[in-house]
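Here is a short briefing on one protein model. Please look over the sequence and the structure first.

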Amino acid sequence: MQDQLSENTPNLCPHCGNELTLWEQVLLSVDRMLVCRNCWYRIILDPPEASANQSENNKEDKEG
Ligand SMILES: [Zn+2]
């Protein structure tokens with residue numbers, strides 16, 4: 001039996017085009033991250049969550 005990986009899982013390194021092994025694809029699908037052994041490019045499946053939480057906290061002290 002062979003489970004098919006998700007289509008989101010790339011089988012090639014987007015940086016150098018190195019073909020990932022099946023085991024590396026499994027690791028990538030599980031960990032959502034994999035370091036290419038050829039170029040050491042860090043392949044990340046999920047885009048980084050941009051949680052912009054800007055809280056302006058300005059305090060102005062006036063000294064007379
Ligand atoms: Zn690579």
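Predicted model: local features only at pLDDT ≥ 70, side-chain atom pairs only at ≥ 80, totals over all residues.

Residues are numbered from 1 along each chain as its sequence is written. The protein has one helix and two strands. Helices (H or I, at least four residues) and strands (E, at least two) are DSSP runs, numbered from the N terminus.

**Overall fold**

- The element order from the N terminus is α-β-β.
- Of the 64 residues in the protein, 6% are buried. A residue is buried if 20 or more other C-beta atoms lie within 10 Å of its own, exposed if 12 or fewer, and partly exposed in between; C-beta atoms are placed from the backbone.
- Take the contacts between residues at least 6 apart in sequence: 24% of them join residues at least 24 apart. Two residues are in contact if their C-beta atoms, placed from the backbone, lie within 7 Å.

**L20, ahead of the helix**

- L20 sits in the segment before helix 1, which spans 22-31.
- L20 counts as buried because 20 other C-beta atoms lie within 10 Å.
- Setting aside neighbours within four places in sequence, L20 contacts N11, L12, C13, Q25 and L28.
- P10 is 10 residues away from L20 along the chain, and their C-alpha atoms are separated by 8.1 Å.

**M33, in strand 1**

- M33 belongs to strand 1.
- M33 is classed as exposed because it has 12 C-beta neighbours inside 10 Å.
- Beyond neighbours within four places in sequence, M33 is in contact with R42, I43 and I44.
- The C-alpha atoms of M33 and I44 are 4.5 Å apart, while the two residues are 11 apart in sequence.

**Positive phi in two loops**

- R32 is in the loop between helix 1 and strand 1, the latter covering 33-35.
- R32 is not a glycine, yet its phi is positive, near 65°.
- R32 has 13 C-beta neighbours inside 10 Å, so it counts as partly exposed.
- W40 lies in the loop between strand 1 and strand 2, with strand 2 at 42-44.
- W40 is another residue than glycine, and its phi is positive at about 60°.
- W40 is exposed because 10 other C-beta atoms lie within 10 Å.
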